[in-house]
Amino acid sequence: MSTLISSTIRIPSTTRVLANGLRVVAHEDPSAPIVTVHLMFRAGSRDERPGRTGLAHLLEHLMFEGSQHAPKGHFDDALERVGGSNNGSTWLDRTNYYETVPTHAVELPLWLERDRMAFFLPMLTGEVLELQRGVVMNERRQVIENRPYGMADEQLHELLFPADHPYSWPTIGYMRDLEQITLEDARAFYQTYYTPGNAVLVFAGDIEAGRAFELAERYFGDLPAGPALPPPPVPVMPPPPNGARRVMEDDVSFPRIMQAFAVPAYGTPDWIALDVLAYLLADGDSSRLQRALVRDGRLAQDVDSYLYPTALCGVFGFVSTARSEVEPEALEHAIRQVVDEVIANGVTDEELTGAVRRVRRDQVSELATVEERADALAYAATVLGDADAVHTVLDGYAEVTTDDLRRVAAEYLVPERGATLVVVPRPGQEDDEEDDDE
């Protein structure tokens, strides 16, 4: 049976495409006098090539160094003077920039983003590149290389994907590649991907669609479309890693098990079913993995499951940290037992209903603000090709059945389709810290 828990979440929007290919999405919500302007480019770490990893993220840093008419510091200063805020991020499939301002100031972020899209290259010098290269390399040291378990995700993806798959390398890039990026690399990446024809501009908040489209045309309509890019690739599942595994020593006190499986891409019915399964297995104290590993089994300090909403394929994962004197193999075995039990005997109607309700809880929370709704619309337009496809995903959860959960577990969460990384303390590191609850 399905849950019959229909989604009541709606993000009504209207889309118009400018002559230069810029897709403009307007979502009106007059409940507060603010507007979010969200610009997303279909350019992420997947668009890099081996030997130049980290280029997309480095360019995001460079874009905050100022443009020809809004030099360094002006961007933040101008927005702060009107009470606005801004940020940006880079991931596997996209890079985004967004600003939230009072309604009366909506033209300010449009002017600033236009300048970054049209007049950034005059400011991209060797000196600026070296400055931000150093910032990113230091960021990699701080959040990846010198952080407990910080290298684990990177190594797990190297196990899960072939070396030439664009999800095999980290978004922040390898240190050796960051050192090799040239000014010409950065200029070419910007000129190829940071164009109207490769972008989605979302207005969300206190603005009517007609005015949003008029402003989009005024600020971006005269910009050239940019070079033609190939259509988005059709999602293809990578070859299974056949149970690849690696043991990694790290400066940690407790072992950690990390497993990942390549699964269907974001928005597909199987991806939605796997998302429900991730909640059913590990969300909440009464979930199967929490009971087997943490609450009753007392093997682990924590256990979690996750699912990446990525375009070429999804990534489903488990991560669990051992309690003191528990071997990581015990965690791995316990996780496998829980998954095998789902494959063998399925799940109950009550478990399915509870999992979908928890999904709905998080969806409501995640879409509470106009900033988050703008991001959801931009991501759907970028990855699924249509901003309104966000509703196809939201509605899909009501169609998930117990049979679906058993089927996707049996099809995708089997050992030969997974990769396992075991993080163990370096000799002398064991149990330097006490368990949190002891």
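Helix H13 (residues 370–384) has 15 residues, which at 1.5 Å a residue should span 21 Å, and its end C-alpha atoms agree with that at 20 Å apart. Helices (H or I, at least four residues) and strands (E, at least two) are DSSP runs, numbered from the N terminus, and the expected span is 1.5 Å times one less than the number of residues.

A word on the model: it is predicted, so local features need pLDDT of at least 70 and side-chain atom pairs count only at pLDDT 80 or more, while totals for chains, interfaces and linings use all residues. Residues are numbered from 1 along each chain as its sequence is written, and side-chain values use heavy atoms, leaving out hydrogens and water.

The rest of the structure largely encloses H13, because 11 of its 15 residues are buried. Buried means under 20% relative accessible area, exposed means over 50%, and partly exposed lies in between (1.4 Å probe, protein chains only). Among the buried residues are Val-370, Arg-373, Leu-377, Tyr-379 and Val-383. Their cover includes strands S2 (23–28), S3 (34–41) and S6 (199–205), along with helix H14 (389–396). Just after H13 comes Gly-385, with a positive phi of about 90°.

Next, meet helix H4 (residues 126–145), whose 20 residues reach 26 Å from first C-alpha to last, close to the 28 Å expected. Its buried residues are Val-128, Leu-129, Gln-132, Arg-133, Val-136, Met-137, Arg-140 and Ile-144. Seen down the axis of H4, these fall within an arc of 160°, so they line one face of the helix; the arc is that of the directions from the axis to the C-beta atoms. An α-helix has 3.6 residues a turn, so residues three or four places apart point the same way. Glu-127 and Gln-142 are exposed on the face of H4 turned away from its buried side. Helices H1 (55–63), H5 (152–160), H6 (175–180) and H7 (183–193) are included in what covers the buried residues of H4.

**Where helices meet**

Helix H3 (residues 107–118) packs against helix H8 (residues 209–220) at about 35°, with their axes 10 Å apart. Axes are lines fitted to C-alpha atoms, for helices over the stretch in contact, and angles run from 0 to 180 degrees between N-to-C directions. The contact (heavy atoms within 4.5 Å) includes Leu-110, Trp-111 and Met-117 of H3 and Leu-215, Tyr-219 and Phe-220 of H8.

Helix H11 (residues 328–345) and helix H15 (residues 402–412) have axes that come within 8 Å and cross at roughly 125°. In H11, Val-342, Ile-343, Ala-344 and Asn-345 meet Leu-405, Arg-406, Ala-409 and Ala-410 of H15.

**Some single residues**

Ala-282 lies in helix H9 (residues 269–282). The C-alpha atoms of Ala-282 and Ser-168 are separated by 26 Å, and the two are 114 residues apart along the chain. Leaving aside residues up to four places away in sequence, Ala-282 touches Ser-287, Leu-289, Gln-290, Val-303, Asp-304 and Ser-305.

Asn-242 sits in the loop between H8 and strand S7 (245–250), with phi near 55°, a positive value in a residue other than glycine. Glu-325 is in the loop between strand S10 (314–322) and H11, and its phi is near 65°, again positive in a residue other than glycine. The table shows how accessible these residues are.

| Residue | State | Relative accessible area |
|---|---|---|
| Ala-282 | buried | 5% |
| Asn-242 | exposed | 60% |
| Glu-325 | exposed | 73% |
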